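Here is a short briefing on one protein fold. Look at the sequence and the structure, then work through the points below.

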Amino acid sequence: MEGARVAVIEDDEFFRKITRLHLERCGHFVVAEATNLTQALGLVGEIAQGNPEVDVILLDGNLREGARDGEDARQVVSKIKETKVKAKVFGFSLSPMSSYGIEVDVDTNKNW
């Protein structure tokens, strides 16, 4: 089984590092990271252009210190839709992404 190419969008350094570690141990490849909203929006634009090639985007709900409203994730998801990025998006946050008004779509056909 070939590993997925993953972009990790997470502002907390500890969570980014532990996420990378676990993904790589499972045979996946972290090909890009973003640590704030500005970087995340720029990264989505790059992904839309095919560089880097990404299969999965792991998205934190809040990329600003103290934020708890999910506005950051909504902006990133809007940019993903606007640019027609084909990568699957998985949200991870202290609050469920659905509480931020973000739909969760799981593709059970992928065998990662």
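Two strands pair if DSSP finds at least two bridges between them. Helices (H or I, at least four residues) and strands (E, at least two) are DSSP runs, numbered from the N terminus. This is a predicted model: local features need pLDDT of at least 70, side-chain atom pairs count only at pLDDT 80 or more, and totals for chains, interfaces and linings use all residues. Residues are numbered from 1 along each chain as its sequence is written, and side-chain values use heavy atoms, leaving out hydrogens and water.

**The sheet**

- In E4, lysine 88 is the bridge partner of valine 56.
- E3 and E4 pair in the parallel sense, over 5 bridges.
- Strand E1 (residues 5-9) also runs parallel to strand E2 (residues 29-34), and 5 bridges join them.
- Between E1 and E2 the chain passes through helix H1 (residues 13-25), and this β-α-β crossover is right-handed. Right-handed means that, with the strands pointing away from the viewer, the path from the first strand over the helix to the second runs clockwise.

**Nonpolar cores**

- A nonpolar core is a set of buried Ala, Val, Leu, Ile, Met, Phe, Trp, Tyr and Cys residues joined through side-chain atoms within 4.5 Å. Buried means under 20% relative accessible area, exposed over 50%, partly exposed in between (1.4 Å probe, protein chains only).
- The largest core has 19 residues. Ala7, Ile9 and Leu43 are among those with the most contacts inside it.
- E1, E2, H2, E3 and H3 each give two or more residues to this core. H2 gives the largest share, 5 residues.
- Another core, of 7 residues, lies apart from it and includes Val6, Leu23, Val30 and Leu58.

**Salt bridges**

- The structure holds 7 salt bridges. Each is a side-chain nitrogen of Lys or Arg within 4 Å of a carboxyl oxygen of Asp or Glu.
- Arginine 5 meets glutamate 53 (2.6 Å, N to O). This pair links distant parts of the chain, 48 residues apart.
- Arginine 5 also meets aspartate 55 (2.9 Å, N to O). Arginine 5 is partly exposed at 29%, whereas aspartate 55 is buried at 17%.
- Glutamate 33 forms a salt bridge with arginine 20. Glutamate 33 lies in E2 and arginine 20 in H1, so the pair ties together parts 13 residues apart in sequence.
- Shared partners join Arg16, Arg20, Glu24 and Glu33 into one network of salt bridges.

**Backbone exceptions**

- Most residues other than glycine have a negative phi, and most peptide bonds are trans.
- Asparagine 51 and proline 52 are joined by a cis peptide bond, with omega about 10°.
- Lysine 84 has a positive phi, near 60°. Its relative accessibility is 60%, so lysine 84 counts as exposed.
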